[in-house]
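Here is a note to read beside the model. Please keep the sequence and the 3D view open while you go through the points.

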Amino acid sequence: MRTSQHERIQELLGVYAADAVEPSEAKEVERHLQTCAECQAEVTEHRETLALLAPAKSQLRLPAFNELGLDLSTPLASVTPLRAPKRTVPAWTMSVAAALVFLVAAVAVTQARRADDLSTQLARSSTAAVAAQALADPAARRLTLETESGEALADVALLADGRGYLVPRDLPELSADQTYQLWALKGPERTSLVVAGSRPEVLAFRASPDIDGLALTQEVAGGVPQPTKNPVAVAFLRAA
Amino acid sequence: MPDRQAASDAALMLAVGRSDQEALEEIYRRHAGSVLNLAARVAGSSALAEEVVQDVFTTVWKSPATFDPAKGSLRTLLLSIGHRRAVDVVRSEVSRKRREGGTDVHSQSGSAEGEVLQMLQAQHVQQAMGALSDGERRAIELAYFGGHTYREVAQILDEPEGTVKTRIRAGLRRLRTEMVNAGVNNEN
């Protein structure tokens, strides 16, 4: 059974790499790629090939970098802080503030040391490797996202420069029409950090260093601009 | 990061991860032209292509971890994101025009601007494309540069959908072989 599905997906890999499939087919391929290294490698090869086809010359004028109008002044604001109207804020967001009273403060950190030798880091630059490195970094703030009953669902490492890594431990797989979504908690604000998919792997995100905590919710696939569900797990910190 | 111009793409992306704007600017200098050209070819509009470029570099700035050297070169990543965005633009324009009863944006390839946007492919690419059968080449061009789904390509070419899928996959493999033999790659 698996073989037939694998073969059916294989037939789609060329057109998938060329962005020539329907959205529903793209999602089906992406689900398969999460568990099939062979197909992932083929897609990578096709994309490398297609990139070589990109036109080399044109009469177009490339805008100067500073003409692009990129918002580079606030790089940590990778998502817009969400100010949810009161009527749409789930009840759990109110309990978060109260819960903070009982929480152990996380260790405040200074700017994490950064090796200038980028080539050394490069060897370990896959997201999982960097996340593992961050979790082991004594200067990183480490958090565990726990359920109400204390079950640890995922670990998080927060670096002083705003980078963060979500490392799932035992996150139950969701149906394809759902996703996990990680939120930063800062006072009454709930800021989306990352839409993690139905079967999260190690993910990187950016978060402001002065957040109060994190929450993980289950939302509709694609994510939502503000949480609509109670969190399945939370973690709190407070700079000492 | 003292010498950005000498740094590899991967090193620059690590610097972007540390919010180094000048590293992003160097990446822009190296690769934005390719992204712009590809987006213009797909979207049929230089204005839309500039929006795509802006979108691509915003994505890279905000999500530097999108780049994983184990999954391909930075150039490939930027072009993949740009192509996806350009295709989205084309398809949303097609939907809008169909709703409004207008002409298909795909027909823009024959428009005045489409003529201006004719791009020159490198000689090695032309040679590699020459190794493909006519069916493979037309299917790849319609899908990749035309922004068509394989089902649309099948209708245009009056071929079974399965044939189009097979031709595109086989054509990409043949292209890869040709370009590997020619020593062409996307590495910085």
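1. Start with burial. A residue is buried if 20 or more other C-beta atoms lie within 10 Å of its own, exposed if 12 or fewer, and partly exposed in between; the C-beta atoms are placed from the backbone. By this count, buried residues make up 47% of the 188 residues in chain B. In chain A, 35% of the 240 residues count as buried.

2. Next, the ground rules. This is a predicted model, in which local features need pLDDT of at least 70 and side-chain atom pairs count only at pLDDT 80 or more, while totals for chains, interfaces and linings use all residues. Residues are numbered from 1 along each chain as its sequence is written, and chains are lettered from A and ligands numbered from 1 in the order in which they are written.

3. How confident is the predictor in chain B? The score to read is pLDDT, the predictor's confidence in each residue, from 0 to 100. Chain B averages a pLDDT of 83, and 82% of its residues score at least 70. Among the elements of chain B, helix H8 (residues 150–157) has the highest mean pLDDT, 96. Helix H5 (residues 112–116) of chain B has the lowest, 44. Treat residues 107–118 of chain B with care: pLDDT stays under 50 there. For this stretch the model has 16 contacts beyond four places in sequence. Two residues are in contact if their C-beta atoms, placed from the backbone, lie within 7 Å. The model as a whole scores ipTM 0.88 and pTM 0.60.

4. Now the secondary structure. Helices (H or I, at least four residues) and strands (E, at least two) are DSSP runs, numbered from the N terminus. Chain A has 6 helices and 8 strands. Its order from the N terminus is α-α-α-α-α-α-β-β-β-β-β-β-β-β. Chain B has 9 helices and 0 strands.

5. Contacts along each chain come next. In chain A, take the contacts with a separation of 6 or more: residues 24 or more positions apart account for 63% of them. In chain B, among contacts between residues at least 6 apart in sequence, 61% join residues at least 24 apart.

6. The two chains meet. The contact takes 47 residues from chain A and 61 residues from chain B. On the side of chain A that touches chain B, the elements giving two or more residues are helix H1 (2–17), H3 and helix H5 (118–122) of chain A. H3(A) gives the largest share, 9 residues. This side of chain A divides into 24 nonpolar, 13 polar and 10 charged residues. Here Ala, Val, Leu, Ile, Met, Phe, Trp, Tyr, Cys and Pro count as nonpolar, Asp, Glu, Lys and Arg as charged, and the others, Gly among them, as polar.

7. Look at one helix pair across the chains. Two packed helices are described by the angle between their axes and the distance between the axes. The axes of helix H3 (residues 37–52) of chain A and helix H9 (residues 161–181) of chain B come within 9 Å and cross at roughly 70°. Axes are lines fitted to C-alpha atoms, for helices over the stretch in contact, and angles run from 0 to 180 degrees between N-to-C directions. H3(A) is therefore roughly perpendicular to H9(B). Angles under 35 degrees count as roughly parallel, over 145 as roughly antiparallel, 65 to 115 as roughly perpendicular and the rest as oblique. Glu45(A), His46(A), Thr49(A) and Leu52(A) of H3(A) make the contact with Leu172(B), Leu175(B), Arg176(B) and Met179(B) of H9(B). These residues divide into 4 nonpolar, 2 polar and 2 charged.

8. Which residues does Tyr150(B) touch beyond its neighbours within four places in sequence? They include Val15(A), Ala20(A) and Val21(A) from chain A, and Glu161(B) and Ile168(B) from chain B. Tyr150(B) sits in helix H8 of chain B. It counts as buried because 27 other C-beta atoms lie within 10 Å.

9. Compare Val56(B), in helix H3 (residues 46–62) of chain B. Val56(B) is buried too, with 26 other C-beta atoms within 10 Å. Leaving out residues up to four places away in sequence, it touches Val35(B), Leu78(B), Ile81(B), Gly82(B) and Arg85(B).
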